[in-house]
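I opened this model to look up its overall make-up and then a few residues one by one. The entries below are in the order in which I wrote them.

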Amino acid sequence: MSILFLTAAGAAPEAAAQFGLIPALKEGGPISIAIFSVMVIMSVFSFYIMFTKLFEQRKVLNQYNDVRAQFWRAATLEEGAVKLDKNSAYRQVVDDAIQAKKQHSLLTDPVEAHDWLHGAMARSEDSINNKLSSGLPFLATVGATAPFVGLLGTVIGIYSALIKIGIAGQADIGKIAGPVGEALIMTAIGLFVAVPAVLAYNWLQARNKTIARSLATFSNDVLGYISSGGRVKPAVPAAAPAGKPAPAAAKK
């Protein structure tokens, strides 16, 4: 009894070693290896885009906090722009608005100042939104195609396995289950590549919409400020008096 148990235990690792990703790639041959390599590249680029876009979005969202805290406290747009980071998305909108205001006086054809400024600032917003959206189509493409790429690897693996089984002339379940199960690994890999890409795409798109709304609101405020000669601007949050603790830190 113990001899049979030890024999079965020793045979289990050997049987397990015959299955897995590497045997599946060998079963499918060079085509399966190429498909697997493509899915690895798709996954690597997907995660790279996801983290870089997340960093860019976080940076712009933090810049909006600076706008609310500092920009509208300045006496002029020029002074407010100086308070913002040089590479800030909101600094770009302000600079483009100031430049458009100067250019309007140079126009020879009669164009409404409001329309001219609105068009210039809309172009500025579009350039920022396009930069934030760059790379997201790749995530959508990966999410849509990776399962089918994995399925192609599965089909090729099963086809190769069936050919070998036909040549061997043995069609018992033990000969079929292994190669077919190995081929199905490619479909699972395709899903593992596609699902994170789809989730990242939807999440990043939602955050981009939030940023686009804040840019549109800020652009409208700047336009109103310029059109009214500085008389119209959003309410500025009251600053906490220096040397006094914030209300949240009050003693019980």
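The notes go from the whole chain to single residues.

**Entry 1: whole protein.** I am working with a predicted model. Along the sequence the pattern reads α-α-α-α-α-α-α-α. I then asked what share of the residues is buried. Of the 252 residues, 32% count as such. For the accessible surface I noted about 15,600 Å², and 66% of that area belongs to carbon and sulfur atoms. I also looked up how far apart in sequence the contacting residues are. Taking contacts between residues at least 6 apart, I found that 79% join residues at least 24 apart.

**Entry 2: Met50.** I placed Met50 in helix α3, which covers residues 30-70. Is Met50 buried or exposed? Its relative accessible area is 15%, so Met50 is buried, the cut-off being under 20%. Next I listed its partners, leaving aside neighbours within four places in sequence: Met50 is in contact with Ala200 and Leu204. I checked the C-alpha separation for one of these pairs. Met50 and Ala200 are 150 residues apart along the chain, yet their C-alpha atoms are separated by 6.3 Å.

**Entry 3: Ser46.** I found Ser46 in helix α3 as well. Its relative accessible area is 5%, and Ser46 therefore counts as buried. Which backbone atom does the side chain of Ser46 reach? I found the backbone oxygen of Met42, at 2.7 Å. Ser46 touches Phe138, Leu139, Val142 and Ala197.

Entry 4: Ile41 has a relative accessible area of 48%, so I logged Ile41 as partly exposed, because exposed would require over 50%. I then asked which residues make up the nonpolar surface patch. Ile41, Phe45 and Phe138 make the patch, with an area of about 280 Å². Phe138 had already come up in the previous entry, as one of the residues that Ser46 touches.

**Entry 5: recap.** Met50 is buried, Ser46 is buried, and Ile41 is partly exposed.

Definitions and conventions:
Residues numbered from 1 in each chain as written. Predicted model: local features only at pLDDT ≥ 70, side-chain atom pairs only at ≥ 80, totals over all residues. Heavy atoms only, no water. Helix = DSSP H or I, 4+ residues; strand = E, 2+ residues; numbered from the N terminus. Buried < 20%, exposed > 50% of the residue type's maximum accessible area, 1.4 Å probe, protein only. Contact = heavy atoms within 4.5 Å. Polar contact = N/O pair within 3.5 Å; in protein donor to acceptor, adjacent residues only side chain to side chain. Patch = residues over 30% accessible without salt bridge, like charges linked within 9 Å, V, L, I, M, F, W, Y side chains within 5 Å. Areas by Shrake-Rupley, 256 points an atom, 1.4 Å probe, with all protein chains shown as cover. Salt bridge = Lys/Arg side-chain N within 4 Å of Asp/Glu carboxyl O.
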